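Take a walk through this structure with the sequence beside you.

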Amino acid sequence: MKTKSIASFLLGTALTFTATGVAFAQDKTVKIGALSDQSGLYADLGGPGSTLAAQMAVEDSGLAAKGWKIDIVSGDHQNKPDIGTAIARQWFDVDKVDTIVDVPNSGVALAVNNVIKEKNGVYINSGAATSDLTNAQCSPNTVHWTYDTYMLAHTTGQALVKAGGDSWFFLTADYAFGAALERDTTAVITANGGKVVGGVKHPLNTPDFSSFLLQAQASKAKIIGLANAGGDTTNTIKQAAEFGIVKGGQKLAALLLFLTDVKAIGLETAQGLNFTETFYWDMNDQTRAFSKRFAEKMKNNAPPTMVQAGVYAGVRHYLKALEALGGNPHDGVKVVEKMKSMPTEDDLFGKGQIQPNGRTIHSAYLFEVKKPSESKGPWDFYKLVGTVPGDQAFTPLSESKCALLKK
Amino acid sequence: MQALYAQLLVGLINGSFYALLSLGLAVIFGMLNIINFAHGALYMMGAFVAYFLLNLGGISYWWALLLAPIIVGVFGMILERTMLQWLTGLDHLYGLLLTFGIALIVQGVFQNYFGSSGLPYAIPDQLKGGMNLGFMFLPIYRGWVVVFSLVICLATWFLIEKTRLGAYLRAATENPTLVRAFGINVPRMITLTYGLGVGLAALAGVLSAPINQVRPLMGADLIIVVFAVVVIGGMGSIMGSIITGFALGVIEGLTKYFYPEASNTVVFVLMVLVLLVKPTGLTGRAA
């Protein structure tokens, strides 16, 4: 009897060990959801390219060879917060997704932010602009990688005001992003002695801007600030040229402009525009090498936009943190804390740091769109005009209203 | 007051697109009884054909104005012959679903190859620049769009309402069997009519290419508004859809000035009001 109980004890222990062994193996299973606008006006700057970037990050991490199983799913939020949150909930509840990446469209991004916090997932946002993600609405589960409205205002906006553009008229996309960009830029304008003389809020995805442009023209403002993005920005710039706005002496401030937008506008019309990005494919050997690999896998052979580059770099850093943790990737807060504790470094954005509020700090670059005669290839669009160090480009912690900083 | 004139004119420009597109829809609905949801996709194809003609064949905007509607029109006629004709006599819903499916497929294919941000198409040299009207700077190209589409709209109206061919057409919709008895090939006439409606959409696409981006979803964004225009104007009424098209462009333009946030809903508010007061549309007759 006694021997039997010892035997069963040993057997039980062995089973327990086996069970733990299985648990350890499962602990290296990660699921990443790339949530983006897959078909609308932001699909080219994020969309399928962002999913590809996430896949490349997983491949380049080499974690598969170390026993990790990393899956990527993708979803289309259609620029609608309700659809975005529904997908996020399904991913966490049914599909056991650990991490959501990209999520352009600030309205969707903020809504998804709440779901991820509630489900204790990890949120690596690259596509959205609103600085609220790491400010008033910051979350211990969120890392905001690529850029934000504060950065855009303090680089492009500030440079234009200092160059004499002291009166502004805003064309603002009528949702969270436009409002945040207008707010942050207005703060910079007034702080530098300029003033805002008027503005129009236009619906998202407007095909015709002529009415709004006429109002901007009539305002006599020196600068027409475009607090919109993607297809809205390209249509505004194209139609502004048609209405002779720049020839009339007013200057357009494309506060947010992506590589794919410049392609869509064409250099003939876009030349001379000043704007800011944190990544451009033609910066150095590393960015060129990555972009070449990326473009080969893209349908139209497009190099990555800064949003797609941000997805890649963000996922790479996330996977480094997971590797450092050794396993158990399912506690979002713990993973994000690990991400914040490690300095960021990758081929695309160089060295940086994630602040306690979740904001990734890296250099921002002021670019100017080349003249058609200066462009040597199908995607050769930008001239580097200046570099702003990360600590000057992004919200200083002393100004941040993030609750995480009060601990 | 000056600003108001400018907004009226700008509204008229957008109205030209609404008029051209809703005219095509009205022709197709009036003659074939098909609610053509593929109209937006065909409009987009018109713009893309113009882009290809220019960039692959070096064929100018002016030729594209003629060629793109023909090419897309032929595509439309193939659609009618191979698919739509089998739906004659069935409920409207079948035609609607079929054309909606076609639209999704066409858009999907273009999106797959060209992405969503679109391609640039330059304004032809002859129409570049603008003139100062005192109250606004009018780009010459936009003025051209208004005049040209007005001419096309009136010509179409004339063709259908005032010519012998138009009379055959209208008769064939009323009583195809009888018209056939007179030795007229009704199915061929219907195919050609669908081609005409589609050609009008493609023409609007070419006209819009230099103003908007040439992009796969350009039609999808517009088609819902255009359907609202057709409903307000009265399904199938040629003149009704032309007048409503221009009028709604102007109303939308004024909304952009007085309350921009509502500019993309105002058309639908009007549609609801019209349907409540006069369910057949402003110029429609009871079926």
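Begin at the contact. It takes 37 residues from chain A and 33 residues from chain B. This is a predicted model. On chain A, four elements each supply at least two residues to the side that touches chain B: β7 (195-202), α7 (210-218), α8 (231-242) and α9 (259-265). The largest share of that side comes from α7(A), with six residues.

Three strands form an open sheet in the order β11-β12-β13, and their pairing is antiparallel. The edges are β11 (344-346) and β13 (360-361) of chain A, each of which pairs on one side only. Look at β11(A) and strand β12 (residues 350-354) of chain A. They run antiparallel and are joined by three bridges. Within this pairing, D346(A) stands opposite G350(A) of β12(A).

Now move to chain B. It has eleven helices and two strands. Along the sequence the pattern reads α-α-α-α-β-β-α-α-α-α-α-α-α. The C-alpha trace of chain B spans about 60 × 50 × 35 Å along its principal axes. Does the radius of gyration of chain B agree or disagree with a compact globule? It agrees, because a compact globule of 287 residues would have a radius near 19 Å, and chain B has 19 Å. Buried residues make up 52% of the 287 residues in chain B. Finally, consider the contacts in chain B with a separation of 6 or more: residues 24 or more positions apart account for 77% of them.

Definitions and conventions:
Residues numbered from 1 in each chain as written. Chains lettered and ligands numbered in written order. Predicted model: local features only at pLDDT ≥ 70, side-chain atom pairs only at ≥ 80, totals over all residues. Contact = placed C-beta atoms within 7 Å. Pairing = 2+ DSSP bridges. Rg over C-alpha atoms; globule rule 2.2 N^0.38 Å. Buried ≥ 20, exposed ≤ 12 C-beta atoms within 10 Å, placed from the backbone.
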